[in-house]
Amino acid sequence: MTEDRDLPTAPEDVTVKPATAADRLDVLRILDAAMLETDAPTVDDRIAAGDVIVARSTRTGGVVGALVAVRPDPDRLHVDAVAVRQVRRGEWIGSRLVAAAVDRAESDPAVETVTARFDADLAEFYAALGFAVDGAGADEGRRVGRTQVDGG
């Protein structure tokens with residue numbers, strides 16, 4: 001599915017892969033720096049499930065972005081948090097992280113939908129990634145995005 005999208009290329013020095021337990025602290029720091037509310041036990045649980053994705057600099061080995069997905073329903077993967085280090089923003093790293101989450105959902109036969117809840121100013125970002133964005137009923141300027149996947 002994400003192969004069909006016309007996504008710009010992420011920087012050559014960045015790889016996007018599932019997080020390992022060794023990435024835990026970096027993931028928590030990136031989310032904290034972006035002022036996102038995801039607690040450590042959730043991150044631990046999602047890393048163990050394979051639902052945390054990191055963008056890593058091949059030059060420095062450091063984690064430059066992270067995405068945490070949760071499963072509120074057995075057939076749905078929800079992007080709970082996505083953040084990129086401030087100095088690396090604008091390099092399409094966040095787009096690659098979300099695309100990797102959609103790829104993750106497509107590899108799971110149980111998942112039918114990927115969702116996200118985000119600030120209204122990110123509506124174009126998610127729409128460009130193939131999400132249908134719904135503003136109706138959104139509170140405090142928040143929006144909901146959804147994309148169907150062909151699991152497994």
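Which element gives the largest share of the lining of the largest pocket? Keep that in mind while we walk through this predicted model.

**Start with the whole chain.** Trace them from the N terminus and the order reads β-α-α-β-β-β-α-β-α-β-β.

Of the 152 residues, 41% are buried. If you draw contacts, take pairs at least 6 apart in sequence: 66% of those contacts join residues at least 24 apart.

**Now go to the largest pocket.** Select Val82, Ala83, Leu122, Phe125 and Tyr126 and centre the view on them; among the lining residues, these lie nearest the pocket centre. The space here comes to about 750 Å³, and 26 residues line it.

**Colour the lining by class.** You'll get 13 nonpolar residues, along with 8 charged and 5 polar ones.

**Finish with the elements around the pocket.** Select strand S4 (76-84), helix H3 (93-106), strand S5 (113-119) and helix H4 (123-128) in turn; each one supplies at least two lining residues. Leave S4 highlighted, as here is the reply to the opening question: S4 gives the largest share of the lining, with 7 residues.

Definitions and conventions: Residues are numbered from 1 along each chain as its sequence is written. This is a predicted model: local features need pLDDT of at least 70, side-chain atom pairs count only at pLDDT 80 or more; totals for chains, interfaces and linings use all residues. Side-chain values use heavy atoms; hydrogens and water are left out. On a 1 Å grid over the protein atoms alone, a cavity is a set of points where a 1.4 Å probe fits but cannot get out, and a pocket is an open set with protein on both sides within 12 Å along at least five of seven lines; lining residues have an atom within 4 Å of a point. Grid points are joined across faces, edges and corners, and a volume is the space filled by probe spheres set on the points. Helices (H or I, at least four residues) and strands (E, at least two) are DSSP runs, numbered from the N terminus. Ala, Val, Leu, Ile, Met, Phe, Trp, Tyr, Cys and Pro count as nonpolar, Asp, Glu, Lys and Arg as charged, and the others, Gly among them, as polar. Buried means under 20% relative accessible area, exposed over 50%, partly exposed in between (1.4 Å probe, protein chains only). Contact means heavy atoms within 4.5 Å.
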